[in-house]
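Please study the sequence and the structure before reading each solution.

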Amino acid sequence: MSEPIRVVVTGAAGQIAYSLLYMIAKGDVFGPNQRLILHLLDIPPMMGVLEGVVMELADCALPLLASVIPTTDPAVAFKDVASAFLVGAMPRKQGMERKDLLSANVKIFKVQGEALNNYARKDVKVLVVGNPANTNALVCSHYAPSIPKENFSAMTRLDQNRAQAQVAARLGVGIAHVKNVIIWGNHSSTQYPDAKNASVELNGAQKSVVDAVANNDYLNGEFVETVQKRGASVIAARKMSSAMSAAKAASDHMRDWFAGTKDGQYVSMGVVSDGSYGTPKDIVFSFPVHIQNGQWKIVQGLAVDDFARGKLDATAKELLEEKEEAMSVCASD
């Protein structure tokens, strides 16, 4: 058994964390031999609920879980952590403008960025799940200048998993047969789910998804819209936002970041743009990446047709607007 690593989950008393903590603690993320110390951060009104979560983690009798530290103090929560799941964020309420949401979240992610900067390991891998995830990740990185920008990412894996599931269902194959579906841009309704670079295994042979589906109108229309609006569809049905699937996606994202991707396969992560594919630099934009030795690299040279170009430009525009709003809040702070 290895030395335990410290992992923080924020918003730890919430719905997503309730599924995520079990996945982390039983070894889905860091492997079956990696012991863990879980740091659970939430706000003071949630500490009673968090106490119940701590009891349940104990009652799961998980061999990898060395200890659990529930806290309201960011200094305690981020101390020496190797991995951070930033799940807690201000949710959008009815009648709330995007600007109000960004403003509230800048305050949260400023505090967490500063705590990461001051207390976390310098090689910490930070995954922002709380929305607006891309811009929250940018803000968090801004306030943690001593940690490399590439150590901050936003979760678009849920969108990738949704897109992969849609393609698999359309073609009547298992999920594992569909590879390299991409999510470009923002984790919002402007994101571009792209199956045109994806492949599928049909009857033992690899085939492009474009050839297998043989319906461009579907790939440019219904497929894109279904994935873009899936979160809203879940809320309409469940009366609550995606939790189990979001937790699974966060687990997938961090597992691949630590363990690496398979040869010839890539995954989608919101990362700081270097200008690849004509995107603006220094926004957190979802790209296809492959990962080796804990380091991600943007996959280069993929086909971007005119339809895709329009979609990439639209989602980049939204991200630039969000960045501008968020940074003006940072500046006036």
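A residue is called buried under 20% relative accessible area, exposed over 50%, and partly exposed in between (1.4 Å probe, protein chains only). The model is predicted, so local features need pLDDT of at least 70 and side-chain atom pairs count only at pLDDT 80 or more, while totals for chains, interfaces and linings use all residues. Residues are numbered from 1 along each chain as its sequence is written, and side-chain values use heavy atoms, with hydrogens and water left out.

**Exercise 1.** Determine how many salt bridges there are, and describe the one between D28 and K26.

*Solution.* Step 1: apply the rule that a salt bridge is a side-chain nitrogen of Lys or Arg within 4 Å of a carboxyl oxygen of Asp or Glu. Step 2: the count by this rule is 10 salt bridges. Step 3: in one of them, the side chains of K26 and D28 meet at 2.9 Å, N to O. Step 4: D28 has a relative accessible area of 30% and is therefore partly exposed; K26, at 36%, is also classed as partly exposed.

**Exercise 2.** State where D256 and R157 lie, and whether they are buried or exposed.

*Solution.* Step 1: their side chains form a salt bridge of 2.8 Å, N to O. Step 2: this pair links distant parts of the chain, with D256 in helix α11 (residues 244-259) and R157 in helix α6 (residues 157-171), 99 residues apart. Helices are DSSP runs of H or I with at least four residues, numbered from the N terminus. Step 3: both D256 and R157 are buried.

**Exercise 3.** Describe the salt bridge between D252 and R255, and name the network to which these residues belong.

*Solution.* Step 1: the N to O distance between the two side chains is 3.2 Å. Step 2: D252 and R255 both belong to helix α11 and are 3 residues apart, about one turn of the helix. Step 3: D252 is buried because its relative accessible area is 3%, whereas R255, at 29%, is partly exposed. Step 4: salt bridges with shared partners join R157, K248, D252, R255 and D256 into one network.

**Exercise 4.** Identify the residues that touch the most other members of the largest nonpolar core.

*Solution.* Step 1: a nonpolar core is a set of buried Ala, Val, Leu, Ile, Met, Phe, Trp, Tyr and Cys residues joined through side-chain atoms within 4.5 Å. Step 2: in the largest core, of 76 residues, those residues are V9, I24, F30, L38, F85 and F223. Step 3: helix α1 (residues 15-25) supplies the largest share of this core, 7 residues.

How values were computed: Helix = DSSP H or I, 4+ residues; strand = E, 2+ residues; numbered from the N terminus.
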